[in-house]
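Student: I have a new structure open and would like to learn how to read it. Could you take me through it feature by feature?

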Amino acid sequence: MSADNEKSNDSILSNAQSSDENHLESAIRQNRAMVEQIAFRYKDSPMEREDIIQEGMIGLLAAVKSYDSSRGASFKTYAATCIDNSIQSALKKFSRKKDIPSHSFVEYSEEEIPLENGFDSAEDIYIAQESVSLLTKVLRENLSDFENEVLRLHIVGCSYNEIASRLSKTPKAIDNALQRVRKKLSGISF
């Protein structure tokens, strides 16, 4: 890569990190081939190729948003690690049966979409989706990013030790975070 091309990439990356949508799209377009190359390594996995690429693109987006050149790694190295981690995480989640509720699969037919999960109508589904949106907003407004992540992992069934390991914290820090979450949410009503 030439020095001018590298400066151009650094400029695009810097602008993408400052929420410039055009530069963000450009940074993602420039690195899509890397995502596809990394995704190709998982050609024998149980997930569809397009799903693997999509997970890689999520990793690339995370890399663009969180890259810090002062840490010494090139963006390409950092992005490749983020992309690979995102794909591996998706594959692990795909393989775990406990993360997939048995009632979450809905068969689609041209005539009708069956209403499951105790919903009697499309209106009930809409109301449930709005409730989830409201809950998400309340959590975002009232909890720190760390507390939200701890709560999310706790809800999917991770133990305190698993959460601590994933977030590089102690189990006591996880317990404290969940106590703060309970306290903050106890006074909130919908």
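**Reading the model step by step**

Student: Before we start, what kind of model is this?

Tutor: This is a predicted model, where local features need pLDDT of at least 70 and side-chain atom pairs count only at pLDDT 80 or more, while totals for chains, interfaces and linings use all residues. Residues are numbered from 1 along each chain as its sequence is written, and side-chain values use heavy atoms, with hydrogens and water left out.

Student: How many helices and strands are there?

Tutor: Helices (H or I, at least four residues) and strands (E, at least two) are DSSP runs, numbered from the N terminus. Here you'll find eight helices and zero strands, and the pattern along the sequence reads α-α-α-α-α-α-α-α.

Student: What share of the residues counts as buried?

Tutor: Go by relative accessible area: buried is under 20%, exposed is over 50%, and partly exposed is in between (1.4 Å probe, protein chains only). Of the 190 residues in this protein, 25% count as buried. As for the surface, accessible areas come from the Shrake-Rupley method with a 1.4 Å probe, and for residues only the protein chains shown count as cover. The protein exposes about 13,300 Å², with carbon and sulfur atoms supplying 51% of that.

Student: And what do contacts tell me about the chain?

Tutor: A contact means heavy atoms within 4.5 Å. Take the contacts between residues at least 6 apart in sequence: 53% of them join residues at least 24 apart.

Student: Now the inside. Which residues have the most contacts in the largest nonpolar core?

Tutor: In soluble globular proteins, nonpolar side chains tend to be buried together. A nonpolar core is a set of buried Ala, Val, Leu, Ile, Met, Phe, Trp, Tyr and Cys residues joined through side-chain atoms within 4.5 Å. The largest one here has 22 residues, and Leu 60, Phe 75, Ala 79, Ile 83 and Ile 87 have the most contacts inside it. Helix 2 (21-40), helix 3 and helix 4 each supply at least two residues of this core, and helix 4 gives the largest share, seven residues. There's also a second, separate core of eight residues, among them Val 150, Leu 153, Ile 174 and Ala 177.

Student: What does Ile 87 touch?

Tutor: Leaving out residues up to four places away in sequence, Ile 87 touches Ile 38, Ala 39, Tyr 42, Ile 52, Glu 55 and Gly 56.

Student: How many aromatic pairs are there?

Tutor: A pair of aromatic rings is described by the distance of the centres and the angle of the planes. Rings of Phe, Tyr and Trp (its six-membered ring) pair if their centres lie within 6.5 Å; planes under 30 degrees apart count as stacked, over 60 as edge-to-face and the rest as tilted. By this rule there are two aromatic pairs. Tyr 67 and Phe 75 sit edge-to-face, 5.3 Å centre to centre with 85 degrees between the planes. Both Tyr 67 and Phe 75 are buried. Tyr 67 and Tyr 78 have ring centres 5.7 Å apart and planes at 50 degrees, so that pair is tilted. Tyr 67 lies in the loop between helix 3 (49-66) and helix 4 (75-95), with Tyr 78 eleven residues away in helix 4. Tyr 78 is partly exposed at 28% relative accessibility. Tyr 67, Phe 75 and Tyr 78 form one aromatic cluster.

Student: Which charged residue lies over the face of Phe 146?

Tutor: A charge sits over a ring if NZ of Lys or CZ of Arg is within 6 Å of the ring centre and within 35 degrees of the ring normal. Here Lys 169 lies over the face of Phe 146, at 5.4 Å from the ring centre.

Student: Last one: how many salt bridges does the structure hold?

Tutor: Side chains of opposite charge can pair when their charged atoms come close. In a salt bridge, a side-chain nitrogen of Lys or Arg is within 4 Å of a carboxyl oxygen of Asp or Glu. The structure holds six. One of them joins Glu 147 and Arg 180 (2.8 Å, N to O). Glu 147 is in helix 6 (residues 145-155) and Arg 180 in helix 8 (residues 171-186), so the pair ties together parts 33 residues apart in sequence. Glu 147 is buried at 2% relative accessible area, whereas Arg 180 is partly exposed at 36%. Glu 147, Arg 180 and Lys 184 are linked in a network of salt bridges.
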